[in-house]
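Here is a walk through one protein model, for someone meeting it for the first time. Have a look at the sequence and the fold, then read on.

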Amino acid sequence: MRRLLIFILLLIVAALLVFLIVRSLYGHTADQIPEIINSRVQKPLVILLHGLGRSPLSMRKMEQELTKAGFFVLNISYPSRSESIEDLSNNFLTPLIKEVKARAGVDKIDFVTHSLGGILVRKYALENGSDSIGRVVMLGPPNGGSEIPDKLKDYYFFRFIFGLAGQQLGTINGLPATLGPPDFKLAVIAGTNGGWNPLSKWFAGDNDGIVSVKSTQLNGMSQFQTVDSSHTFIMNNKEAIELTKRFLLGGDDPTAIKLRNLTLGARASCPHKSYWR
């Protein structure tokens, strides 16, 4: 166990160093919105929210592909490691949505999120309602929490690297389980290639190395699909990108992609399979 923890620590430190180097090289900040949106947006507008300890650079390929598909894309940076989920929702996402709607002249905003980003959207919807939320695609979201914070949140290195938000993402008394079902159109894409992570043995069933497939699912989601990807790189997965575009472009046209509503338990009591149409 000691060797395993040392390995994890070294891996996290290396990842953090890379993150600190590249974080300032790509993406938008909330302060830049007035510069980016200076007139009414005529295209469908999508906000990308990266995961815990990541940066907009991780969502670059998704941004590029959605832009090619005709979307106006905001790939936003936020301080995922330094604030709690509550504070990130209240102090970052809530004012961001308000300003983007006002400047772009739109009533609803679509979202594509990775991991923690999806939890922020759920927290926002719980506190503010979903009138401002269009369609949401969540990539590897810990909707039922993750077993990794359950095991590691009491270790100093975990708290230092992943901050308050990371400590809130467990399956035991974690914040995600308190957020309830979504009242917006939601597609969930889960990865199944978790073998890269030695901690995958902590999960029961398929996982992406960070979140189990079961924990990604959520009562009330509209569509669900698994892809052969790890948690870290699911946003770059070709199938995940195509599924994301299909869902966002589906609209409510009956000739477009049909949605199939599901009835699931709070943490998806059904075996995972595709509900994409």
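## Ground rules

Two strands pair if DSSP finds at least two bridges between them. Helices (H or I, at least four residues) and strands (E, at least two) are DSSP runs, numbered from the N terminus. With that in hand, here's a pairing to find: in β5, the bridge partner of R135 is K185.

Keep in mind that this is a predicted model, where local features need pLDDT of at least 70 and side-chain atom pairs count only at pLDDT 80 or more, while totals for chains, interfaces and linings use all residues. Residues are numbered from 1 along each chain as its sequence is written, and side-chain values use heavy atoms, with hydrogens and water left out.

## The overall picture

The protein has 9 helices and 6 strands. Of its 277 residues, 53% count as buried; buried means under 20% relative accessible area, exposed means over 50%, and partly exposed is in between (1.4 Å probe, protein chains only).

How much of the contact list links residues 24 or more positions apart? Such pairs account for 77% of the contacts with a separation of 6 or more, where contact means heavy atoms within 4.5 Å.

## The sheet

The strands line up as an open sheet of 6, in the order β2-β1-β3-β4-β5-β6, with parallel pairing. At the edges sit β2 (72-76) and β6 (223-227), each pairing on one side only. Neighbouring strands are turned against each other by 15 degrees on average, direction ignored. For angles like this, axes are lines fitted to C-alpha atoms, for helices over the stretch in contact, and angles run from 0 to 180 degrees between N-to-C directions.

Now for some of the pairs. Strand β1 (residues 45-49) joins β2 in the parallel sense over 5 bridges, and I47 has L74 in β2 as its bridge partner. Over at β5 (residues 185-191), 6 of the 7 residues are buried. That strand pairs in the parallel sense with β4 over 5 bridges, and β5 and β6 also pair in the parallel sense over 5 bridges. Within β6, Q223 stands opposite A187.

## Helix α3 and its surroundings

Helix α3 packs on the sheet, touching β1, β2, β3 (109-114) and β4 (133-139), and its direction makes about 170 degrees with that of β2. Which residues of α3 are buried? They are M62, E63, E65 and L66, and what covers them includes β1, β2, β3, β4 and α9. Just after this helix, G70 takes a positive phi of about 105 degrees.

The axes of α3 (residues 60-68) and α9 (residues 238-250) come within 10 Å and cross at roughly 45 degrees. That makes α3 oblique to α9; angles under 35 degrees count as roughly parallel, over 145 as roughly antiparallel, 65 to 115 as roughly perpendicular and the rest as oblique. K61, M62, E65 and L66 in α3 meet I241, T244, K245 and L248 in α9. Those contact residues divide into 4 nonpolar, 1 polar and 3 charged. Here Ala, Val, Leu, Ile, Met, Phe, Trp, Tyr, Cys and Pro count as nonpolar, Asp, Glu, Lys and Arg as charged, and the others, Gly among them, as polar.

## A closer look at L248

L248 lies in helix α9. Is L248 buried or exposed? It is buried, with a relative accessible area of 7%. Not counting residues up to four places away in sequence, L248 touches V46, L66, F71, D110, V112, R135 and V137. Take D110: it is 138 residues from L248 in sequence, yet the two are 7.6 Å apart in space, C-alpha to C-alpha.

## Helices α4 and α5

Helix α4 (residues 85-104) lies across β1, β2 and β3, running at about 160 degrees to β1. It also packs with α5 at an angle of about 75 degrees, with the axes 9 Å apart. That makes α4 roughly perpendicular to α5. From α4 the contact includes I85, E86, L88 and S89, and from α5 it includes L116, I119, L120 and K123. By class, this contact has 9 nonpolar, 3 polar and 2 charged residues.

One of the α5 residues is K123. At 11% relative accessibility, K123 counts as buried. Leaving aside neighbours within four places in sequence, K123 is in contact with I85, E86, S89 and L179.
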